[in-house]
Structures are given as structure tokens and as C-alpha cells.
Amino acid sequence: MSQLSLVKLPVELLVMIFTLACRDDDYLSGQYAGSSLANTCKAFREFLREHPYIRFYRMVIRSGKDSHISSFISAFASEQKRARDARNAPPHLRHLYIYAQHAKTPRNINTRAMQGRAFAASVAQLLTLVAPGLETLCLVQYTSDIPQLLFEDTPLVLPDHVVFPELRE
């Protein structure tokens, strides 16, 4: 944190700046300020680790691919593990918006079902990971060529132990 003081700004002001920068993170459109700031320099990375509520406050994931959701899961889980190992407060994702956009849905029902199962499994894994701190959740699907509901072919099933204690209407 001492390196960050070279910026000559009070910590309270830096918290406000970083918080505003990370408010509308969009993980897959290249607008992921939390990751960009953390990769800028060691001082910024340490600052964000000292204030985990900033980096993972709100997340928008625009993808219908399970690999994209798995990528975010990996980044989030790694930060949680790092915080636990350092005996710091782990990050909690507060607001999650998943916009599952399928530009071209496979017409082959087997391929579509397989993709649906993989996507549902990834979303279930993500929700299991972020459930304790999640306050708002929005799942939206858009398919341009075939009308289809989110998880139409494969229902989203969470383990019984997963609860959302902070989720509100």
C-alpha cells in the first residue's frame, strides 16, 4: 500500500475512484476494469486485494458459452483462495447479470442439448460460488434465430446446500 501513496491521493478518494471504475464491469466485452486495474501495477493489485468489495461488486457476463463463465469462475475462485490463504476477507460478488446471447443456435437438437447442459452446469457452478454474497441476480437469454428459453432443454439445478441469504426482490 505504501507504493500507492506515491499517487498522493487519500485512500478514501482512491476507494471512490476504483469503486466507480469497477461498477459496470462487463467480463467478456473487454470492459473489465477490475482486472485491468489489478494488472496495471503491484500497488493497484494490492489495493484491490485490501478492498475486495470494489473489484467484484457487480459483474455482467455477456455470453452463451460455458467456457466464458468458467473463465470468470476461475478468476473469482483464485481471488477467494488467495484471500483465505492470507487470512483476509474474501471477495463477494454482489450483483450478477448473465446475458446468454446465442448468435447462432445449432439446429441439431443433440448439439443444442449438449451446449445447454454445459452452459447450465457452468451457471450452476458460478451461482454456487457467489451465492453467499449475491444481492441481485438477472438471467437473460437472447437467441436470434430460434426462440428458446434459458435452460429450456436443460434445467438449472443447484445443490440443496446452496442458499442466497442476501438475495432480495
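This briefing walks through a helix crossing, a group of aromatic rings and one glutamine.

The model is predicted, so local features need pLDDT of at least 70 and side-chain atom pairs count only at pLDDT 80 or more, while totals for chains, interfaces and linings use all residues. Residues are numbered from 1 along each chain as its sequence is written, and side-chain values use heavy atoms, with hydrogens and water left out. Helices are DSSP runs (H or I, at least four residues), numbered from the N terminus.

**Where two helices cross**

- Helix H1 (residues 11-22) and helix H3 (residues 42-50) have axes that come within 12 Å and cross at roughly 90°. H1 is therefore roughly perpendicular to H3 (a term for angles of 65 to 115 degrees).
- Those axes are lines fitted to C-alpha atoms over the stretch in contact, and the angles run from 0 to 180 degrees between N-to-C directions.
- On the H1 side, Val11, Leu14, Val15 and Phe18 meet Phe44, Phe47 and Leu48 of H3 (contact means heavy atoms within 4.5 Å).
- By class, this contact has seven nonpolar, no polar and no charged residues. Nonpolar covers Ala, Val, Leu, Ile, Met, Phe, Trp, Tyr, Cys and Pro; charged covers Asp, Glu, Lys and Arg; the others, Gly among them, are polar.

**The aromatic rings**

- Rings of Phe, Tyr and Trp (its six-membered ring) pair if their centres lie within 6.5 Å, and by this rule the count comes to three aromatic pairs.
- Phenylalanine 18 and phenylalanine 44 have ring centres 5.1 Å apart and planes at 80°, so they form an edge-to-face pair (planes over 60 degrees apart).
- This pair links distant parts of the chain, with phenylalanine 18 in helix H1 and phenylalanine 44 in helix H3, 26 residues apart.
- The rings of phenylalanine 18 and phenylalanine 47 are also edge-to-face, because their centres are 4.9 Å apart and their planes are at 65°. Phenylalanine 47 lies in helix H3 and phenylalanine 18 in helix H1, so this pair ties together parts 29 residues apart in sequence.
- Ring pairs link Phe18, Phe44 and Phe47 into a cluster.
- Phenylalanine 18 is buried at a relative accessible area of 4% (buried means under 20%, with a 1.4 Å probe and protein chains only). Phenylalanine 44 is buried at 17%, and phenylalanine 47 is buried at 0%.

**Glutamine 80**

- Glutamine 80 sits in helix H5 (residues 66-85).
- Glutamine 80 is buried, with a relative accessible area of 11%.
- Leaving aside residues up to four places away in sequence, glutamine 80 touches Pro90, Pro91 and Leu129.

Technical notes. Buried means under 20% relative accessible area, exposed over 50%, partly exposed in between (1.4 Å probe, protein chains only). Angles under 35 degrees count as roughly parallel, over 145 as roughly antiparallel, 65 to 115 as roughly perpendicular and the rest as oblique. Rings of Phe, Tyr and Trp (its six-membered ring) pair if their centres lie within 6.5 Å; planes under 30 degrees apart count as stacked, over 60 as edge-to-face and the rest as tilted.
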